Amino acid sequence: MANKIKSICVFSSLLLFLSCGMNSHKNEEITTTCGGDSVHVNPDKFKTIPQEYLNVIEKSNAIEWMLLDAYSDKPDTTLLIGGGEVLLSKTDSIKERIGAVVSTLTYKESFPLSDHVKESVFMPDLAMRFIYSNDTVVVAYSFYCDLCRFQKGYKYIDYDGENIRKEIVRLSLQIFPNDKYLRGLNRREK
């Protein structure tokens, strides 16, 4: 009887091991950090951007890029909730780069879902303003904790932007190639 129970336990363990091995890539958790906090993300689940934001982002013919100083003591000079002083602004109408930005922001795996809330003050370093018709969407990024904020009017949604960080740095360097902070981020990303 003991040998029979032992055989059943070994067989069950083997099945469990094989089952876990076959599905491990699906349920694997990714751990990221933000200001010392750990974020556990299931890669099978991602946030989507609301259609009202997408309509503006996808139809915009130009992007106004802005380098921001979130630490500025000047009054908020942007449309951003969380604000910051605009240090430098450039309008980009190159279709290929606009397409790359739109693809990065709308890719289905760009923004993972997480039960963890990043408890960081949103201090944006970079913003992109998309305008279509009479609508405006501002997408701001904080490199401090990889939060990406989508704002339309006074409504906003924050996303974990770690998956798009490298691409945002790369694209922003094309617009602001002489910015020391962006160049430093780019060196660290490699």
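How many bridges join β3 to strand β6? I counted 5, and the two strands run antiparallel. Strands pair if DSSP finds at least two bridges between them; strands (E, at least two residues) and helices (H or I, at least four) are DSSP runs, numbered from the N terminus.

I noted the ground rules. This is a predicted model, with local features needing pLDDT of at least 70, side-chain atom pairs pLDDT 80 or more, and totals for chains, interfaces and linings using all residues. Residues are numbered from 1 along each chain, and side-chain values use heavy atoms, without hydrogens and water.

**Strand β3.** I looked at residues 63-69 and found 5 of 7 buried (under 20% relative accessible area; exposed is over 50%, partly exposed in between; 1.4 Å probe, protein chains only). Trp-65 stands opposite Met-128 in β6. On β4 (residues 85-92), 7 bridges join β3, again antiparallel. There Leu-67 has Leu-88 as its bridge partner.

**Aromatic rings.** I searched for ring pairs of Phe, Tyr and Trp (six-membered ring), with centres within 6.5 Å; planes under 30 degrees apart are stacked, over 60 edge-to-face, the rest tilted. The count came to 5. In one of them, Phe-111 and Phe-150 have centres 5.7 Å apart and planes at 90 degrees, so I logged edge-to-face. Phe-111 sits in the loop between α3 and β5, Phe-150 in strand β8, 39 residues apart. Both are buried.

**Arg-149.** I checked for charge over a ring (NZ of Lys or CZ of Arg within 6 Å of the centre and within 35 degrees of the normal). Arg-149 lies over Phe-122 at 4.1 Å and over Tyr-156 at 3.9 Å.
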